[in-house]
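Here are a few friendly notes to read alongside the structure. Please keep the picture open as you go through them.

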Amino acid sequence: MSRAMQSRLRAALGAGLAVVAAVLCGAALWNAWAADGVVTGRVGDRLTYPSPLEMLFSPDGARLYVLCNDSDEVRVLNASTYAEIKKIAVGHKPRGFTLSPDGKRLFVTNSWDDTLSVIDTGLLEVAATWPEGAEPSSVVEDREGKRLFVANRISNDVAVLNAQTGAEEKRLAAGRGASYMTFSPDGRRLYVTHVYPNLTEHRTAPESEMTVIDTARAVVVDRIPQHGIAGVFHVAISADGRLGVAAELHPKNLVPLAHLEHGGAFEDTLTLFGADVGNRTVEIPLDELERYVARPFGVAISPDKSRMYVTSGGSEIVTVIDVRRLLNYVRTHRAPFVQDLSASANYVVARVAVGRDPRGMAFTPDGHSVLVANRLSDTISVIDTRTNRVASTIQIAGPKQLSVLRYGEQTFYTARYSFQGQIGCANCHIDSTFDGLEWDLEPDGFGRNIVDNRLIEDLKGTDPYKWNGGNPNLPTECGPRTELYFWRSENYDDLTLTDLVTYMRSLESRPNRWKLPGYELTAAQERGKEIFERKVDKFGQPIALKNRCNYCHSGLKGTDQKSFDVGTKRATDDYSLIDTPQLRSIALTAPYLHDGSAATLEEIWTIYNPEDKHGRTNDLTKDELNDLIEYLRTR
Amino acid sequence: MMKCAWNRFAMLLTSSLLGVSALVFAAPPAMPHYRFENFTTANGLPNNHVYSVLVDGDRIWAGTDDGLALYENHHWKTFTTKDGLAHRAVLSLALDKRTGDVWAGTMGGLSRISGGRIDSYTQLNSGLSNDVVYGVSIDGEDVWVATAAGGSRLNLRTGQWALYNERNTPMVEIWVYGVAATPTKVYYAVWGSGVLEYDQKTKVWDHYGDPDGENEIVLFKDQGLIHEITSSVSYVDNVLWVSTYFGDSRYDGRYWHNFLTKDSGLPSDFTNNVKGVDANRAWFCTDKGLAYYDGTNWAVYRPSLTTGKPEMMVRDAQGHVTEVPVTTAPAHNYVNNIDFQGEDIWVATSKGLSHGILQR
């Protein structure tokens, strides 16, 4: 071989290696980007991801149970190797689970099926499925194994069940959006938190509560007020029972959201309660200047009470708090602390980056690690509690590819697009729903053009958007408008915006609990439907076309997609024409009207329709109005 | 012969005198004897006009003209409209024994007190038929309400309101004063329209009216309900007790028995409230004192109508009335409501709340 040929061969080999290297590097880089969801290459298929939400270790520490929210499963893993042992199919949209004290049964709340799956942990099979309340979200069993308590998000109550038969004993009135629970260590008290605030006077600060249940008598004995808070998630109590903590959102919905650059949207906080803080409630901030901890969700206190861990779905981190320093700070400083962005530096010792939308946590039996379920990464981060670093990441088996919908969902739940990472879509649309609040969104002065937050399910075909119909389509609503008024930050790239909109259009309407199983109407609903569709009033006078309920609220979704003046303009509004809102799941979304001034459906007509501009209703008797409302609840 | 006849006469006379003295000096029937402790604004009650009282274990709720008062651990606490109460005047109270929640019917709506939180339902913000809520009663998941514009029922599970009025029941008037809900029957006391009965199983309404119409006369005793102007109902042990402003009635499903001052121990025909203890015993809250009927005998507890001094009168089956010496009495003659705490009674009057402590 000539030197020239050798040279050419070397060159060719080198080039080939370079190409291979480039391909390999490119693939690695692509995978990395894809995993981070930054570049294109997302598939259009509707893929089912596991979406781990919550985790539990078996009492013997041998197994790890992982609740998978999207694949409707419980995954059973070997707790040492994290190898998958079994997938157990449960109901639709499982949201919470608990082990019986003896570890023999695993109860799973299926939030969209309104059922409870009872898993025999010996057989790893569903042994029974019990009917439940509206959107059961978490479940716990008392120490005696006699009663189950189930928090129902839509019916706003806690159902008390016979733990052996599933028979419902009663339901206790909780707050709005009852979702998460924990026992006091002695099992005598049960603390319930709520993802929505209780209804309050229009344009007043939100009020939430922590419902306290006496487990022996199964009655509500206290409601711990949480002033200014809307959206409370996990709650935990230290092993000695002296310190309780709940993760929550503290919205600033009374001032314009346009003040985001001034830290004006949300405080991300914890509520402390119990003897360690003088048996009062103390709200402490997690945020610090220019560094926010968006959407606190999961909270756990280490067995020795030295550390507190908080997951933040929007910021995609776990905040580690030194409990001794925290208590010292609280005891030596004067409340309120919530708006002090310098406070958290006194007790936050680490912020650990984890996966997408981190949710529930679980300590390993030895307490050396805390596991974090990264819902939108399909991973579990294992944080070494001694170093506060992610020691390993466990992949939950699922689709390898990132779909458009998944990327859109990740975009929806992250806070990375907003100024300083303060908020994301899911701040106000909790679990892709709503937040029960009225907001001052636009930079048009304080208290002007107040708008009620709307449910975003089943949006397809309901354009235009905004209460004044000002945005012709979702890309405008979620793109320029969101960027300008909400994020105060960078624009989405086109594909990201497209994926976000695609995700939002994919959100289905949840099952309607006011409909009978066969979708036939009750007598009252039938009467209400006749009123909804009537053309003549009770005096025999024809009702003008625009004054009939089903003229504007027409079609399957109850909107003709046009704007009307229904007499609801306030002195603080710049416009009188209101986009006809769709009626889907209207029973869930109080308050009502464009500015949320009607606390209930009844008030739309008993208070805010004096001139029959919002439909001809003033000829109706009270029982007829009740019938109309019964029908509307079925929409 | 004469001596023998005299002896027989003497024996007859003696036995007759003994018999008469036995009648005259016989001890009255043993009726419950109470020591009354009275609560007024002087010792913590927010207002002396007490419309309603409810015993909730060791806690006592008093519906007053100026808020809902709670007596617990020897202290009074008052809930007002600032706490979310629908109206300051609390006319009626009911306990949901399953959940421990208290329901209050007010002059401005219906309120639920649950774990310290008060939720109020009005005719504007809910399906409640009228804001003047005279009566409330709980059966399972249903809250039955008596209002000035018919009856209402709230199903706590579905949130659905059902209204009952002249359009869907045999109700002539719609001024509903009282309600008693049980798993089998629900009764409404309708002012001017007698009593309405709802069968929970068949879902059929029935009506009981005064056979004499709205006349203040009774042509045939025990023919039916004593009067159309009813003020309350109580249903216990399958027996219906009804109070009216013109006497009271007991109905066992087949026979009516009526009580009037002229032929019973009732101190007045004007009765605000009746509460059955069981099928035979009941308490009557009248404008002239509190009356207890044990199925045979009557006892009346009140400050004397003339002297104001504590008074207890017992009437036996033969109609003999005996005054029993007492040192205490309910706070006032005008009695609105009563509830039981074991063997004790709590009495709502227009001049204070009274705790009747049973004396042995």
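1. How many residues of chain B are in contact with chain A? The model, which is predicted, puts 18 residues of chain B in contact with 22 residues of chain A. On the side of chain B that touches chain A, you will find 11 polar residues, 4 charged ones and 3 nonpolar ones.

2. Next, have a look at one sheet in chain B. Its 4 strands form an open sheet in the order 1-30-29-28, and their pairing is antiparallel. Strand 1 (33-39) and strand 28 (335-341) of chain B are the edge strands, each pairing on one side only. From one strand to the next, the twist averages 25 degrees. As background, strands of a sheet pair through backbone hydrogen bonds, and this can be parallel or antiparallel.

3. Now follow one pair of strands. Strand 1 of chain B is joined by 7 bridges to strand 30 (residues 352-359) of chain B, and the two run antiparallel.

4. How confident is the predictor? For chain B the mean pLDDT is 93, with 92% of its residues at 70 or more. Where pLDDT is low, the predicted coordinates should not be read in detail.

5. Finally, the scores for the complex: the predictor gives an ipTM of 0.89 and a pTM of 0.90.

Definitions and conventions: Residues numbered from 1 in each chain as written. Chains lettered and ligands numbered in written order. Predicted model: local features only at pLDDT ≥ 70, side-chain atom pairs only at ≥ 80, totals over all residues. Contact = placed C-beta atoms within 7 Å. Nonpolar A, V, L, I, M, F, W, Y, C, P; charged D, E, K, R; others polar. Pairing = 2+ DSSP bridges. Axes fitted to C-alpha atoms, helices over the stretch in contact; angles between N-to-C directions. pLDDT = per-residue confidence, 0-100.
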